[in-house]
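Welcome! Let's take a friendly walk through this protein, starting with the whole chain and then zooming in on one pair of neighbours.

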Amino acid sequence: MIERDDLRAAVGSGLLSEKQAAGLIGLADSRRGARTDLATGDEPFELFKGFNEIFIVIGLIILAVGWSSVVTLALGDEIVELTRYAMIVTLIGGVLLWLLAEYFVRKRRMVAPAIALSVMFAGNAAFGFLAVMTEPFMIAQNDYTSVPLPLLLATLTLFLFWWRFRVPFAMAMIAVGFFIIAIVFTASRGGEVRDISDLFLLSAGGPFAWITLALGLLVFAVAMAFDMSDPHRVTRRSANGFWLHVVAAPALVNTVALTLLDRDSFGANIVLLGFLALFAIVAIVIDRRSFLIAAIGYIVALAAGVMDGDGAALTVLILGVVLLLLGAFWERIRARILNLMPGFVPLHRLPPSHTQGLT
């Protein structure tokens, strides 16, 4: 265990520079919290480090409500006035949020305030660009051609926020933003969403399901790029991968599963079970419980909403048993599966198996 005094001695002897020592201390601080006393092979997850962070988040929410109330009172309800001053209000709000992030995220390295500030910054940017660049009268007539560009600019602005502060949750919001942009852009070019299932049914007439599937694969690929750059999961790159997997899994499993459930046949149910088994194997190999739980959670919701009562009950029961077994024996199961992987699978860039005697 390297203590702060050891680092000071290393700096004094010239072994490390002050910048390197500060970077090492920052890395150690960022790994505390969720990673403290974490079981070997477990998946780091952290929403807040203590109640003080919740206290600050509540303060941020109250501040945001107060700011929006003051702006509303100052501008009134006239849409012309709102459009005229929206960018000024957005710039002021953006600068304030950026300064708060400099303190709470970069200096204090707080987790929950970082998430809250990411959401607020994204909402502030979306409000400004939509208020200035969209045509409300066209939107009232179901013409959304003016919406995709401001949404894209807001998403790119959020990317700048992520680039500066490296908040993993912001990366998930960026992925969701591109999903929304793609759907709105397609709808503005003549696509019609008659029902929410059109977004996920590959058999539907529109292209929405194919867009969802393609973006799900793209988000999964980006998540794997983050994961494979940090196989031991000691940096924020791994946390970025975590949140991207949470976004990618429902997009992939929902599109395929809902399409198969829509066919309502024995063969389709068998294919669905095979697909879920493949999904589970992928999650085990890449060692991402978040990827699997997001997928299975969505399947449970689909089973409750799409399938008949008996089928839904049986599906939920089976999935519950499977999750408990995987939770109890994840490392042992993973070790055996890794032993069966072909040589072209880059296991050296995936988290190592920590189960002794099975690898």
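Of the 359 residues in the protein, 44% are buried. Keep in mind as you look around that this is a predicted model. The protein exposes about 19,700 Å², and carbon and sulfur atoms supply 68% of that area.

What is the secondary structure made of?

**A pair of helices**

Now let's zoom in. Two packed helices are described by the angle between their axes and the distance between the axes. Here are the two partners, with the residues that meet.

| Helix | Residues | Contact residues |
|---|---|---|
| Helix 8 | 168-188 | M171, A175, F178, F179, A182, I183, T186 and A187 |
| Helix 9 | 208-228 | F208, I211, T212, L215, G216, V219 and F226 |

What kinds of residues make up this contact? They divide into 12 nonpolar, three polar and no charged.

How do the two helices lie against each other? Helix 8 and helix 9 pack at an angle of about 160 degrees, and their axes are 10 Å apart. Angles over 145 degrees count as roughly antiparallel, and therefore helix 8 and helix 9 are roughly antiparallel to each other. Helix 8 passes helix 9 in a right-handed crossing.

Terms used
Residues are numbered from 1 along each chain as its sequence is written. This is a predicted model: local features need pLDDT of at least 70, side-chain atom pairs count only at pLDDT 80 or more; totals for chains, interfaces and linings use all residues. Side-chain values use heavy atoms; hydrogens and water are left out. Axes are lines fitted to C-alpha atoms, for helices over the stretch in contact, and angles run from 0 to 180 degrees between N-to-C directions. Helices (H or I, at least four residues) and strands (E, at least two) are DSSP runs, numbered from the N terminus. Angles under 35 degrees count as roughly parallel, over 145 as roughly antiparallel, 65 to 115 as roughly perpendicular and the rest as oblique. A crossing is left-handed if the near helix is turned anticlockwise from the far one by less than a right angle, and right-handed if clockwise. Contact means heavy atoms within 4.5 Å. Ala, Val, Leu, Ile, Met, Phe, Trp, Tyr, Cys and Pro count as nonpolar, Asp, Glu, Lys and Arg as charged, and the others, Gly among them, as polar. Buried means under 20% relative accessible area, exposed over 50%, partly exposed in between (1.4 Å probe, protein chains only). Accessible areas come from the Shrake-Rupley method with a 1.4 Å probe; for residues, only the protein chains shown count as cover.
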